[in-house]
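Here's a quick walk through this fold, from the inside out. Have a look at the model first, then we'll go through it piece by piece.

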Amino acid sequence: MKFVLLEKLAKLEGKELVMLIAAVVAAVALVVLLVCLRKRTAEEKPGKRMDVRALVYGALCVSLSFVLSYMKLFSMPMGGSLTLCSMLPIAMYAWAFGPAYGFTAAFAYSLLQVIQGAWIVHPVQFILDYFVAFTCYGLSSLFPKCLPLGVGVAGLARYACSVLSGVVFFADSAAEAGYESALLYSLAYNGGTIGLETVLCVIVACVPGVVRIAKAMNKKRA
């Protein structure tokens, strides 16, 4: 990974600087939300035993997702790859333990993705494609009655983040690829990776055995 973030920060001005400030504010707001959700969950569900169980499963699911992210079926030239359902363990964990634990685990996973290798063309793109996009996996927690729906929403949210990033920061690549529309290019580019992986994860999440595993993580939520 060639980390050029600091160099690009020094060159920002005008609209780009405003976008960066907005992105940072959004990231800070996300962290504050995670802390508040964690505190609320601790108040509503006190008990050390529950915390230990959640932490153990969280560590396992984050680790499993990270390992699966290395099992790439193919990679795209400007970042992005189709992995072996790497988002599924995080989405299952979020679904089983709720927003506080789910978003925290998803955010931790976003940090690992940066360490694994980040494609950076702009600070806002960096925040959007990594911290915001991967933390969207926590959205699965908002659909406790239907795991496939939660997985689908989480995947589509990350897809939306990447599509927006592509339209704004990779528009030049659209013309080079023969696309007149940056939006169509971004939809197609990210659809072949994030979109396809989301479909695969939803299909796997529909398997009864997978749902039973997710429920077994946290019997109180199930």
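Contact here means heavy atoms within 4.5 Å. Keep in mind that this is a predicted model, where local features need pLDDT of at least 70, side-chain atom pairs count only at pLDDT 80 or more, and totals for chains, interfaces and linings use all residues. Residues are numbered from 1 along each chain as its sequence is written, and side-chain values use heavy atoms, with hydrogens and water left out.

So what does Tyr137 touch, leaving aside its neighbours within four places in sequence? Its contacts are Met87, Ile90, Ala91, Ala94, Ala106, Tyr109, Ala154 and Arg158.

Tyr137 also turns up in the largest nonpolar core: of the 35 residues there, Tyr137, Leu147 and Val151 touch the most other members. A nonpolar core is a set of buried Ala, Val, Leu, Ile, Met, Phe, Trp, Tyr and Cys residues joined through side-chain atoms within 4.5 Å. Buried means under 20% relative accessible area, exposed over 50%, and partly exposed in between (1.4 Å probe, protein chains only). The biggest giver to this core is α4, with 8 residues. Apart from that core lies another one, of 5 residues, including Leu128 and Cys161.

Zooming out, the protein chain has 10 helices and 2 strands; these are DSSP runs (helices H or I, at least four residues; strands E, at least two), numbered from the N terminus. Buried residues make up 45% of the 222 residues.

On the outside, Val67, Met71, Leu73, Phe74, Leu84, Leu196, Val199, Leu200 and Ile203 form a nonpolar patch with about 760 Å² of accessible area together. Patch members have over 30% relative accessible area and no salt bridge, with nonpolar side chains (Val, Leu, Ile, Met, Phe, Trp, Tyr) joined within 5 Å and like charges within 9 Å. A salt bridge would be a side-chain nitrogen of Lys or Arg within 4 Å of a carboxyl oxygen of Asp or Glu. Areas come from the Shrake-Rupley method with a 1.4 Å probe, and for residues only the protein chains shown count as cover. The top supplier of the patch is α9, with 4 residues. Leu84 sits in the loop between β2 (81-83) and α4 (88-97).

Now the cysteines. With a disulfide taken as a pair of cysteine sulfur atoms within 2.5 Å, the count comes to 0.

| Cysteine | Nearest cysteine sulfur | Distance |
|---|---|---|
| Cys136 | Cys161 | 4.0 Å |
| Cys206 | Cys146 | 7.3 Å |

Cys136 is buried, because its relative accessible area is 12%, while Cys206, at 48%, is partly exposed.
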